[in-house]
Amino acid sequence: MTNINIQNANKSYAKGSTFAVADLTLDIPTSEFLCLLGPSGCGKSTTLRMIAGLENLTSGQIKIGDQIVDATEEGIFVPPEKRNLGMVFQNYALWPHMTIEENIEFGLKIKKVPAAKRRDILDTVLTTLGIQKFKDRYPSEVSGGQQQRVALARMIAVSPDVILLDEPLSNLDAKLRLDMRAELKRIHNELGSTFIFVTHDQWEAMTLATTIAVMNEGKLQQVGTPEDIYDRPANRFVAEFVGTLPINIIEMESLGSNPVLQNWISANFARLQLDESSTGSVGIRPEAIELVADAKTVPDHIEPCQAKIMDLVPTGGSWIAELDINGTRIFALRSQVKGLAVGATVQLSIGLGDLRVFDTDGNRIPTT
Ligand code: ADP
């Protein structure tokens with residue numbers, strides 16, 4: 001059973017250059033499926049490579065289980081092959097001159113696993129990943145998706161304590177991604193290993209992870225369950241990074257030119273007993289906005305807000321409603337739009353609990 005502990009880790013690639021990862025402290029419990037999520041260049045791969053031992057820290061410390069594997073100040077550095085990790089990267093790096101079976105068996109031979117035991121393990125992983133019938137082919141003779149499965153099989157075969165995956169699904173088409181996603185989740189449940197999965201895709205992270213660590217510009221923004229990240233974002237960056245449709249952001253400083261919105265915000269803030277002066281912005285997820293044709297049907301505990309429907313866009317199974325509140329544009333996501341028409345005036349029904357309030361630095365102010 002293996003947990004990972006990262007303490008105040010800093011990494012700069014060249015002396016004096018900015019930190020690719022800055023002051024990262026992160027505890028990853030045993031058997032966690034942790035997704036490192038953030039935009040390109042935010043330091044996800046660097047973090048993974050530091051855990052793997054492919055990069056050493058500029059300062060700080062990493063512990064895997066009870067063993068310190070990297071502590072620059074103390075001159076400790078355990079090489080990758082001694083960390084009992086499995087890694088799968090975006091380019092799977094299969095040996096081209098070995099068959100698929102030989103590729104998978106290679107790691108077992110290195111570990112000096114006896115032949116009979118190797119046979120058992122091979123049978124199990126080939127079946128688990130559905131690649132039994134390709135086992136005698138060379139990597140160039142199977143599709144990208146199948147190569148990806150082989151890379152996973154090769155890694156699983158050696159039963160690593162910790163499994164590191166760097167955007168492993170990014171080369172797959174949508175259907176295969178979905179299948180592999182489910183497969184990864186199942187493998188995680190079966191193996192009980194600690195998984196660390198790097199992705200820039202918030203949907204992938206939300207659907208796979210038990211815990212998500214969101215990063216931006218080398219800095220950790222928030223660690224939490226997918227629900228925490230979605231419902232209780234630590235700051236505006238996190239709120240804006242997750243969500244299929246971006247969260248609507250109303251800037252408090254824009255309210256001067258929109259008395260309708262100002263009144264609505266003030267009424268809500270009064271109900272929440274919140275101070276407007278320390279607030280920088282308010283976020284509302286598109287899926288939290290209900291459209292009501294008749295103001296009288298908005299429940300008493302909700303402050304209605306009048307808006308005009310500018311457009312209704314079908315997205316297959318749901319609709320995006322583009323709304324105008326006295327000159328301010330916002331978007332709602334609805335599963336159906338019966339009785340609504342472009343050009344019509346509607347009431348927006350938004351629960352108090354659906355307002356995400358941020359201070360002037362962008363940090364969320366809890367409202368409950
Ligand atoms: P991500 O995985 O989130 O896309 P990376 O960890 O790859 O981000 O990169 C973080 C930062 O470090 C980026 O600014 C990137 O340009 C820089 N970087 C990554 N690898 C190297 C390298 N080998 N040499 C110099 N800079 C690097």
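**Close-up views of the predicted model**

View 1. Cys42 contributes through its backbone, where a polar atom is 3.0 Å from an oxygen atom of the ligand. The side chain of Lys44 places an N or O atom 2.9 Å from an oxygen atom of the ligand. Of the 560 Å² that the ligand exposes when taken alone, the protein buries 53%.

**View 2. The residue shell around the ligand.** Tyr13, Ala20 and Pro39 are among the residues that surround the ligand. The shell also includes Ser40, Gly41, Cys42, Gly43, Lys44, Ser45 and Thr46. By class, the shell comprises four nonpolar residues, five polar residues and one charged residue.

**View 3. The second largest pocket.** This pocket holds about 220 Å³ of space. Its lining consists of Asp120, Ile121, Thr124, Val125, Thr128, Leu129, Ile156, Ala157, Ser159, Ile187, Glu190 and Leu191. Seven of the lining residues are nonpolar, three are polar and two are charged.

**View 4. Helices that line the second largest pocket.** At least two lining residues come from each of helix 3 (115-128), helix 4 (144-157) and helix 5 (174-191). Helix 3 supplies five residues, the largest share of the lining.

View 5. Strands of a sheet pair through backbone hydrogen bonds, in either a parallel or an antiparallel manner.

**View 6. Pairing of strand 13 with strand 19.** Strand 13 (residues 279-284) and strand 19 (residues 355-359) run antiparallel and are joined by five bridges. Within this pairing, Asp359 of strand 19 stands opposite Thr279.

Definitions and conventions
Residues numbered from 1 in each chain as written. Predicted model: local features only at pLDDT ≥ 70, side-chain atom pairs only at ≥ 80, totals over all residues. Heavy atoms only, no water. Near = heavy atom within 4 Å. Polar contact = N/O pair within 3.5 Å; in protein donor to acceptor, adjacent residues only side chain to side chain. Areas by Shrake-Rupley, 256 points an atom, 1.4 Å probe, with all protein chains shown as cover. Nonpolar A, V, L, I, M, F, W, Y, C, P; charged D, E, K, R; others polar. 1 Å grid on protein atoms, 1.4 Å probe; cavity = no way out; pocket = protein on both sides within 12 Å on 5 of 7 lines; lining within 4 Å. Points joined across faces, edges and corners; volume = space filled by probe spheres on them. Helix = DSSP H or I, 4+ residues; strand = E, 2+ residues; numbered from the N terminus. Pairing = 2+ DSSP bridges.
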